[in-house]
Amino acid sequence: MSVGSVPAGYEVKDPGYPTPEENYLTNSRGLLTWVFTLDHKRIGVMYLVGVSLAFLIAGLLALGIRLHLFAPDGWLFNNEFFKWLAPDKAPNDIYNQVFTLHGAIMVFLFIIPSIPAALGNFLVPVMLGAKDVAFPRLNLSSFFLWVAGAVFFVMALLASGLDTGWTFYTPYSTTTDTSVILATSGAFILGFSSIFTGLNFIVTINTMRPPGMTWFRMPLFLWATYSTSIIQVLATPVLGITLLLLIAERTMHIGIFDPEYNGDPVTYQHFFWFYSHPAVYIMILPAFGVISELISVHSHKRIFGYRFIAYSSIAIALLGFLVWGHHMFTAGMGSMTTIIFSALTFTVSVPSAIKVFNWLATMYKGAITMTTPMCYAIAFIFLFTIGGLTGLHLGTLATDMHLHDTYFVVAHFHYVMVGGTLVAFLGAVFHWWPKMFGRMYNELGGQISAVIVFLGFNLTFLPQFVLGSRGMPRRYATYDPEFAGLHAMSTWGALLLGIGLLVALVVLLVSLVKGKKAPANPWGAATLEWACTSPPPFYNFERPPVVGDPYEFGDIQWDAASERYVKIEPKRETVPSEKPAESPAHAGE
Amino acid sequence: MATTDAGHSATADHSADSHGHDHDHPSYLAHHFDTPEQQFDSGKLGMWIFLVTEVLFFSGMFCAYAIYRSWRPDVFEGCSQFLNTKLGAINTGVLLFSSFTMAWAVRASQLEQHKKTAALIASTLCCAMIFLGVKAIEYSHKWTMGLLPAGLFTYDPSNPHPVGGPNYLAYICAPFAVATVGIFIWLVVSFLRGAKFQFECAKPILVVFLCFFVGVGLGTILESGGSESHGTEHAAHVEGGEHDSHAEGEHAGEGEHAAESHEQEAATEETAEAAPTEAIAGLVAPGTMVSSDNELDVIKRLAADTTNTGLQGELAARQAQNDMANGAITYHVYDDVSATVAAAEENVMRKSRAGVFFSIYYCMTGVHAIHILAGIGVLIWLLVRALRQDFNKNYFGPVDYVGLYWHLVDLIWIYLFPLMYLIR
Ligand code: HEM
Ligand SMILES: [Cu+2]
């Protein structure tokens, strides 16, 4: 597909209207026009910057963790520098606080808003063919709530840290003297940010679809976003009330979670995981959506099993609410309960597997171009499969007794969250970067970053499966010397992974300055966001777009002459009854 | 957007089209919607989803309620006697009536009866304020008596009304008093300056805030009437002169009753105490947990290395197990266990049992009261818009959405009232 020209008997479909002079980035200027913007695309870009900063901070903390675990007795935080920085804290305390903040920031500030809020905000209305989300002001306020939540986390970090782990388990969280209240307030606020985004997307997808955009003409990314939003709306309030009760527990000793006042800590765990298991699907479902788009577009082939993928997203969203107990197999729930939760856990892996098979079937005999997004997408399939399958080891009662709270769990969730969500996020950023900023990046650089990320990631986390199954518990600052080799390997891997991410960042930033101007449709995709110019104009579409099949690549052709993808149609002698102005494809630049 | 018919905008006034697109947008229609219908449907769906999140938010607390009530039915029943059914019932009635005025306001706004809309919204607000006033009486009274969340619980049945504590009622009323005075000043100033619209707004809002004090008065009067059940049933137990005069009603006999329920509590505690002991006894029944000698020997040998602290513990445990299994120290161990359990009950758990009920009571009614406050804020905004005659038959969405929210807040109270006040 990459080389070709318009076949005989066909002609390029005339887009019918001129390229607008201004786009959403240039139509108004100045910082304030960004801060008070109601444009979903600008809000998406602000989220993108925000979550990237959060990722940077949490990533540096992660490097801190790995560098400390470089040696059995600890390494980094034993350094004199930390004695000077925090004289009243032992290295182990610092370690506890660093891994807690790493986890909390990654989960609440980065992964949960990453694809839905940053990319979702940019893409949902454009893919749908709408002018904006249903509630633009609510959208902006959810971004500011995100900022407020981030401020609370920073305050917690600066005040006295946090050492409960990202799960805030009672009774420790009611007794530790670190800033639990600041951090939980932050998470509470972030919860509302997440609820508002989810609510906005559900309403947008329900009521803002233009004529012709039926449910089953929606790109799969929208199905994924829709399912994610359902979870955000149904699960997050429970986290909200749980954190509120935890704050009340700390301030007033309400005795609901604190055994000292006749409360029950296991109830806390139930409440927490009732949110947080569905939350892992908030993290992964949008990634599934991204991968469905990436695989299909870069294989230039219709997605295999569209309806299966769409329905499996909804199935995951609903089944995900029934399995939270698998985080508590060892907490003393009663054997019948654990058996039921274990059985339900297996059911939830079925829809995930359906998707993986569908992606593979899509690639089969496709015209695959190994672009950067495709490299990331393939890495995703590989890594997510490992992550998902090891989830089954953990969902099995007998093996979980051994593996619970070991590095095996750590490896499992990093395979799904980093190998899955982060890799998909990177793939998505590379895929939609030309649309967002109107620039092409250096393909080779992008591909190199994907390879380094893939290798670095595996070097970091494969050894952790081994460590865990040999009995290395998670959340420890020191360990037996027998684990030293695998831990050192993991640390080197983390450094390599860091380099890979740095390369990706450099490639993207350089493109803003030096990149070629991006055409409207650089990948030959059929979804609507590629029908408007790159970057899109303020109102997304100059004319209401004509909604077609999102995965029909037959009439999209590489035009060697103009070096871009064009939409073609059979040559006709007479003027066709259909007005040419309705064509969705704009000419590029 | 050009695709949809512009028929709906025909009735509406046309504003200057800021973004230069080629069709008419009435001023109330946001730029990204095509028709008023689309805007209304979006808002309504959004509101319903928001209400779902609210229900889930409360559901966490309803779960906590269910869990703790099923664990401690006696505590819930006993403590519920401290709540004044009369005040709760009045508040239920007030909220129900406010839902009625709210629903009517929606209808009035659709019919473009602007005056009526404003009046009905103001009535809804008045009811909300009366509710809060009554709540202030309920809360302040319990606080004085020390009926507080578990950690702060200081209630003493022999001295239910400690004298000389802070005047909580004054603290609660202060912000409302300040606001009322502020609004009065606003009313006077706007009258003097001839700012007609502001004056029109300040008038109903002042009435609304005064209603808070109506609620406080109502609560004070009704409170002395008492909550019927322990007023009558246990009247026989009241020892005259023990209570100060203002409190006859609500806690007539409550000292007694509380004492009674504490007794009940103590009784159940005894059975609860027995149960774990038995369970533990079952666990260490002879023969079930004997380590084979072989194993024990191995552990002993390894534990000879004193740096291996983990194994020291293991060894001690194994030996204790064996001793128990052989019957050597059985009774001693049993005594130990029950003593530990008893000590735990005595020192740690007992004092807080009633507190947990009040924790849940304050969490649920408190969060509900916060929702009432938020509702008051939104309703005042709505009142101002109604006075400005913003709503018409094509655009009454905000009244409708706030109405939905208000009904939910009402509905939640309708669940809270029996669950908290009417347990028998
Ligand atoms: C494919 C289906 C999956 C199954 C069957 C599964 C199963 C499990 C089980 C049983 C545990 C508990 C292990 C333990 O603590 O002993 C666990 C932990 C975890 N999983 Fe999964 N999982 C799956 C997918 C995912 C996904 C997609 C994500 C996130 C994107 C995820 C994130 C996590 C996290 C964060 C934890 C650890 C939480 C903690 O204790 O801090 N899992 N998983
Ligand atoms: Cu889970």
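A polar contact is a pair of N or O atoms within 3.5 Å; within protein, one atom must be able to donate a hydrogen and the other to accept it, and residues adjacent in sequence count only if both atoms are side-chain atoms. The legends below describe a predicted model, in which local features need pLDDT of at least 70 and side-chain atom pairs count only at pLDDT 80 or more, while totals for chains, interfaces and linings use all residues. Residues are numbered from 1 along each chain as its sequence is written, chains are lettered from A and ligands numbered from 1 in the order in which they are written, and side-chain values use heavy atoms, with hydrogens and water left out.

Figure 1. In the side chain of H412(A), an N or O atom is 2.8 Å from a nitrogen atom of ligand 1. For W166(A), the distance from a side-chain N or O atom to an oxygen atom of ligand 1 is 3.0 Å. H404(A) places a polar side-chain atom 2.6 Å from an oxygen atom of ligand 1.

**Figure 2. The shell around ligand 1.** A residue counts as near a molecule or strand if one of its heavy atoms lies within 4 Å of it. Around ligand 1 there are 22 residues, of which W166(A), D400(A), H404(A), H412(A) and R474(A) come nearest. The shell divides into 12 nonpolar, eight polar and two charged residues; here Ala, Val, Leu, Ile, Met, Phe, Trp, Tyr, Cys and Pro are nonpolar, Asp, Glu, Lys and Arg are charged, and the others, Gly among them, are polar. Helices α9 (265–299), α12 (372–395) and α14 of chain A each supply at least two residues of this shell. Helices (H or I, at least four residues) and strands (E, at least two) are DSSP runs, numbered from the N terminus.

Figure 3. Donors are N, O and S atoms within 2.8 Å of the metal (3.2 Å for Na, K and Ca); water is not among the atoms, so sites may look incomplete. H412(A) is the only protein donor of the iron atom, through NE2 at 2.2 Å, and this residue belongs to helix α14 (residues 407–437) of chain A. The copper ion is coordinated by H277(A) through ND1 and by H326(A) and H327(A) through NE2, at 1.9 to 2.0 Å. Along the chain, these donors follow the spacing H-x48-H-H. The copper ion and the iron atom are separated by 4.4 Å.

Figure 4. Buried means under 20% relative accessible area, exposed over 50%, and partly exposed in between (1.4 Å probe, protein chains only). H326(A) has a relative accessible area of 15% and is therefore buried. H327(A) is partly exposed because its relative accessible area is 22%.

Figure 5. Contact means heavy atoms within 4.5 Å. Not counting residues up to four places away in sequence, N458(A) touches L383(A), Y415(A) and P463(A). The side chains of N458(A) and Y415(A) are also joined by a polar contact of 2.7 Å.

**Figure 6. S185(A) in helix α7.** Helix α7 (residues 180–207) of chain A holds S185(A). S185(A) counts as buried because its relative accessibility is 16%. When residues up to four places away in sequence are left aside, S185(A) touches F152(A) and I247(A).
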